[in-house]
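Take a first walk through this structure. Keep the sequence and the 3D view side by side as you read.

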Amino acid sequence: MEMVTSELELLRLFRDIDRADVELSPDLIFPLALDETLAWAVGPRAFLLFRERPDRPARGIVFHRNAGTVPDVAAMCEWCHAVRGHGGVKLLSVSVDARRRVGLYLCSDLSCVSRSNEVPGPDDLPEGLDGAQRAARTLERISRFASRRLF
Ligand SMILES: [Zn+2]
């Protein structure tokens, strides 16, 4: 568990390129206890703080949610592999640098890790993993994406 004591400290966990886009949600109260992940969304953006391992510092990513109307087809989240319709899984984009962005289909509220203890829905792929295994695997995918593309 890591404690983030102030807004300034939280902002420092984000990359320079993202920092100006970070917006706090009113239910984030300092000091903030940070477990494996913490996600929130404000308007067109969603924010994720994650820690690859308990001994590593947290890192933050800003996601831009596609505001365009998407056909209501169920899609699979690339991180937790949940299958959701009604906009539950959306194309989210992240700035790689000043010119390039990368898009991913993800749970639009980024609740991938926090929801991994829930019973998989009827549309999800049966994988035979328990909640802790799903959470660990999702966190590994998040970390891999972040180290390859962003940090
Ligand atoms: Zn997900």
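Is H86 buried or exposed? H86 is exposed, with a relative accessible area of 71%; buried means under 20%, exposed over 50% and partly exposed in between, using a 1.4 Å probe and protein chains only. H86 sits in the loop between β7 and β8. Its phi is near 50°, a positive value in a residue other than glycine.

A word on the source is needed here. This is a predicted model, in which local features need pLDDT of at least 70 and side-chain atom pairs count only at pLDDT 80 or more, while totals for chains, interfaces and linings use all residues. Residues are numbered from 1 along each chain as its sequence is written, and side-chain values use heavy atoms, with hydrogens and water left out. Helices (H or I, at least four residues) and strands (E, at least two) are DSSP runs, numbered from the N terminus.

L110 is buried, with a relative accessible area of 3%.

The largest nonpolar core has 27 residues. Such a core is a set of buried Ala, Val, Leu, Ile, Met, Phe, Trp, Tyr and Cys residues joined through side-chain atoms within 4.5 Å. F63, C77, W79, L106 and L110 have the most contacts inside this core. The elements giving it two or more residues are β4 (45–50), β5, β8 (89–95), β9 (101–107) and α3 (131–149). The largest share, 5 residues, comes from α3. A second, separate core has 16 residues, including L32, L38, A58 and V62.

Stay with F63 for a moment. F63 belongs to strand β5 (residues 59–65). It is buried, with a relative accessible area of 0%. Leaving aside neighbours within four places in sequence, its contacts (heavy atoms within 4.5 Å) include P44, W79, L92, L104, L106 and L110. F63 and L104 are 41 residues apart along the chain, yet their C-alpha atoms are separated by 9.6 Å. L106 touches F63 in turn, and C77, W79 and L92 are also among its contacts, not counting residues up to four places away in sequence.

C77 leads on to the metal. The zinc ion has the protein donors C77 (SG), C80 (SG), C107 (SG) and C112 (SG), lying 2.2 to 2.3 Å from it. Donors are N, O and S atoms within 2.8 Å of the metal (3.2 Å for Na, K and Ca); water is not among the atoms, so sites may look incomplete. Along the chain the donors follow the spacing C-x2-C-x26-C-x4-C. C77 and C80 are buried.

Why is the arrangement around the zinc ion tetrahedral? The 4 donor atoms subtend angles of 103 to 119°, and four donors count as tetrahedral if all angles lie between 85 and 135 degrees. The ideal angle for four tetrahedral donors is 109.5 degrees.

One more feature remains, back in the chain. The peptide bond from F30 to P31 is cis, with omega near -5°. P31 lies in the loop between α2 (16–19) and β2 (32–34).

Technical notes
Tetrahedral: all angles 85-135°; square planar, octahedral: opposite > 155°, others 65-115°.
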